[in-house]
Amino acid sequence: MSGFGIIPGGPEDRDAVAAFIGQLYAAHDYNMDWPALQTRADEMLAAGPVFFIEQSDRRIGYAALKDMGDHMYVRHFVIDREQRGNGMGSSAFKALQAAQFAGRQVRLDAPHETPGPKAFWERLGFAVMGYTMCRNEEAAA
């Protein structure tokens with residue numbers, strides 16, 4: 001699959017970013033109301049570059065990146081749910097990588113408890129480096 005466009009997003013794309021974030025969260029059984037999704041979209045747009053993945057003049061995906069100096073961090077990568085399962089996500093990620101961070105180390109957080117996303121990233125050559133853990137001080141007392 002080819003012919004992807006990697007198009008920068010801006011503040012005018014708030015609702016499109018919010019819709020993709022909603023798909024991402026819903027895939028992990030986490031739902032937010034529309035105002036919360038818009039707030040999250042504003043955060044993503046302010047934090048670093050955001051790109052849309054287009055094919056045939058249709059937005060089929062979204063990515064939010066953050067340049068960490070020694071590596072590129074993928075904050076979000078979402079392919080429209082109607083486009084999943086046919087290799088479109090893998091091809092789109094490779095196009096994004098070629099256009100935005102070829103030759104750089106790439107890191108991301110993938111939910112290890114959800115087999116689909118973990119398998120997707122492993123097929124693209126990603127490996128688990130460890131798990132982030134945290135402790136709630138109130139619960140520890």
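Biologist: With which residues is His 76 in contact, leaving aside its neighbours within four places in sequence?

Modeller: His 76 is in contact with Ile 21, Leu 24, Tyr 25, Arg 40, Met 44, Tyr 62, Ala 63 and Ala 64, where contact means heavy atoms within 4.5 Å. This is a predicted model, in which local features need pLDDT of at least 70 and side-chain atom pairs count only at pLDDT 80 or more, while totals for chains, interfaces and linings use all residues. Residues are numbered from 1 along each chain as its sequence is written, and side-chain values use heavy atoms, with hydrogens and water left out.

Biologist: Why does His 76 count as buried?

Modeller: Buried means under 20% relative accessible area, exposed over 50% and partly exposed in between, with a 1.4 Å probe and protein chains only. His 76 has 6% relative accessibility, and therefore counts as buried. Its place is in strand β4, residues 72-79; strands (E, at least two residues) and helices (H or I, at least four) are DSSP runs, numbered from the N terminus.

Biologist: What makes the side chain of His 76 a partner in a polar contact?

Modeller: A polar contact is a pair of N or O atoms within 3.5 Å; within protein, one must be able to donate a hydrogen and the other to accept it, and residues adjacent in sequence count only if both atoms are side-chain atoms. The side chains of His 76 and Tyr 62 make such a contact at 2.9 Å.

Biologist: Why does Pro 8 count as exposed?

Modeller: Its relative accessibility is 54%, so Pro 8 counts as exposed. Pro 8 lies in strand β1, residues 4-8, and, leaving aside its neighbours within four places in sequence, is in contact with Asp 13, Val 50 and Phe 51.

Biologist: How many aromatic pairs does the structure hold?

Modeller: The structure holds twelve aromatic pairs. Rings of Phe, Tyr and Trp (its six-membered ring) pair if their centres lie within 6.5 Å; planes under 30 degrees apart count as stacked, over 60 as edge-to-face and the rest as tilted.

Biologist: Why is the pair of Phe 77 and Phe 120 called stacked?

Modeller: The ring centres of Phe 77 and Phe 120 are 6.2 Å apart and the planes are at 15°, so the pair is stacked. Phe 77 lies in strand β4 and Phe 120 in helix α4 (residues 115-123), so this pair ties together parts that are 43 residues apart in sequence. Phe 77 and Trp 121 form an edge-to-face pair, with 5.7 Å centre to centre and 65° between the planes.

Biologist: What is the largest nonpolar core?

Modeller: A nonpolar core is a set of buried Ala, Val, Leu, Ile, Met, Phe, Trp, Tyr and Cys residues joined through side-chain atoms within 4.5 Å. The largest has 21 residues, and those with the most contacts inside it are Ile 53, Phe 77, Phe 93 and Leu 96. The elements that give two or more residues to this core include β1, β4, α3 (88-100) and α4. Apart from it lies another core of 15 residues, among them Val 17, Tyr 25, Met 44 and Tyr 62.

Biologist: Which residues of α3 are buried?

Modeller: Met 88, Gly 89, Ser 90, Ala 92, Phe 93 and Leu 96 are buried in α3. The buried residues of α3 pack against β1, β2, β3, β4, β5 and α4.
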